[in-house]
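This briefing concerns the structure displayed below.

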Amino acid sequence: MRSHRANSRRLVAFMALWLAFLCGEQGLSGRAFAQEAASVKLTLKNHHFEPAEAHVPANKPFTIEVTNLDGTPAEFESKTLRVEKVVAAESTITLQMRALAPGRYRFFDDYHEDTTEGFLIVQ
Amino acid sequence: MLGALIIVFREVIEAGLIVGIAMAVTRGIVGRGYYIAGGVAAGVFGACVVGMFINTISGAFEGVGQELFNAAILSIAVIMLAWHNIWMARHGREIAAEMRQAGEAVRTGASTLMGLAIVVAVAVLREGSEVALFLYGIFIASAPGSGASLLVGGIMGLVLGACVTALTYGGLVRIPGRYLFGVTSVLIALLAAGLASQAVGFLEQANVVTFLPDQLWDSSNILSDTSILGRVLHTLVGYSDHPSVMEALIYIATLAVIGFLMKIFAHPAPAPSVR
């Protein structure tokens with residue numbers, strides 16, 4: 001029984017370490033470049049993106065701001081940008097984007113994929 | 001109506017599968033019904049709270065609060081699942097023995113119940129908050145008439161989610177007892193690995209984990225992970241149609257760590273005397 005308890009304790013310690021590892025990566029890398037980043041502002045109205053096409057410089061981190069003016073929630077999503085985030089009715093979200101290679105990235109509102117579509121041109 | 005049904009169903013599949021698996025692995029353990037139901041209730045409550053404060057959560061930490069929150073609760077689920085598997089590797093035999101003696105009802109497993117209840121709560125909370133937002137949005141915003149049909153669609157989506165739970169459970173309990181432990185161990189390890197890579201995906205989205213962000217493959221043409229089947233595989237084995245290298249690494253690492261710990265803590269060869 002005692003060895004079992006010791007084992008459990010070792011296990012808990014191991015898990016704690018693993019969690020610490022997962023969290024530890026956070027603090028250092030993410031924050032540094034938040035200040036000078038370019039920013040893209042998108043607005044959702046009547047389930048359409050405005051503008052439907054936005055431009056950002058390549059190879060630089062940037063932010064995307066999505067404002068949802070509709071009375072229903074939306075989910076801003078893009079496979080190629082690798083984002084998926086709910087935007088509640090009449091509110092704004094911010095996405096911290098990593099530096100991207102040049103290209104044309106499609107995004108949409110997952111709740112209204114049939115009417116909403118936009119492209120981010122990275123160049 | 002169909003649109004609402006599909007959106008809600010897609011969101012609740014993950015929780016539905018997880019509840020079904022949790023019920024199957026705790027079968028025969030005394031009081032498991034309370035724990036699982038408690039987990040679901042806590043998850044629903046949490047989902048409503050998160051839905052209510054979504055803007056506060058979302059806006060925290062320079063706009064990445066939502067991602068950090070998701071990553072954190074997913075990590076908790078991963079740890080609880082790993083814990084369950086390791087615990088079962090050690091005590092599974094005792095439970096099986098007690099089951100034979102006491103005819104189905106067992107007490108030994110009670111300590112793993114809490115962990116699984118937390119997993120259930122987390123699963124319901126995470127997907128549920130989006131469902132809550134979506135349904136709430138319908139409720140307040142739609143024109144009279146159209147709102148009702150959307151709401152019906154949404155509720156049917158929820159009911160279908162409950163059917164997923166029933167199917168999962170029904171399928172798993174059909175597995176003969178001596179294989180069940182092996183099957184559920186593999187299932188839970190894969191589930192945990194998938195959730196771990198999802199957690200890292202959120203940290204990547206928050207730009208907190210920044211290394212190895214390259215896309216490993218794009219199979220969205222073959223099987224989109226937003227389709228129903230894609231969604232099921234997404235939960236069960238962590239399928240993603242566009243994983244990053246980092247997500248794949250975490251997936252493999254989680255499997256390896258769980259397998260390794262299960263080996264280390266596995267029950268020693270059967271003792272000569274019982275107690």
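The points that follow describe a predicted model. In chain B, helix α1 and helix α8 cross at roughly 40°. In chain A, five strands form an open sheet with mixed pairing.

**Helix packing in chain B**

- Helix α1 of chain B spans residues 2–25 and helix α8 of chain B spans residues 228–237; their axes come within 9 Å.
- The handedness of the crossing of α1(B) and α8(B) is right-handed.
- On the α1(B) side, the contact is made by B:R10, B:I13, B:E14, B:L17 and B:I18.
- These residues meet B:I228, B:R231, B:V232, B:T235 and B:L236 of α8(B).
- Sorted by class, the contact of α1(B) with α8(B) comprises six nonpolar residues, one polar residue and three charged residues.

**Sheet in chain A**

- The strand order in the open sheet of chain A is β3-β9-β8-β5-β6.
- Strands β3 (53–56) and β6 (83–87) of chain A lie at the edges, each pairing on one side only.
- From one strand to the next, the twist averages 20°.

**Pairing of β5 and β6 in chain A**

- Strand β5 of chain A, residues 74–78, runs antiparallel to β6(A), and five bridges join the two.
- Within this pairing, A:E77 has A:E84 in β6(A) as its bridge partner.

Terms used. Residues numbered from 1 in each chain as written. Chains lettered and ligands numbered in written order. Predicted model: local features only at pLDDT ≥ 70, side-chain atom pairs only at ≥ 80, totals over all residues. Axes fitted to C-alpha atoms, helices over the stretch in contact; angles between N-to-C directions. Helix = DSSP H or I, 4+ residues; strand = E, 2+ residues; numbered from the N terminus. Left-handed = near helix turned anticlockwise from the far one by under 90°. Contact = placed C-beta atoms within 7 Å. Nonpolar A, V, L, I, M, F, W, Y, C, P; charged D, E, K, R; others polar. Pairing = 2+ DSSP bridges.
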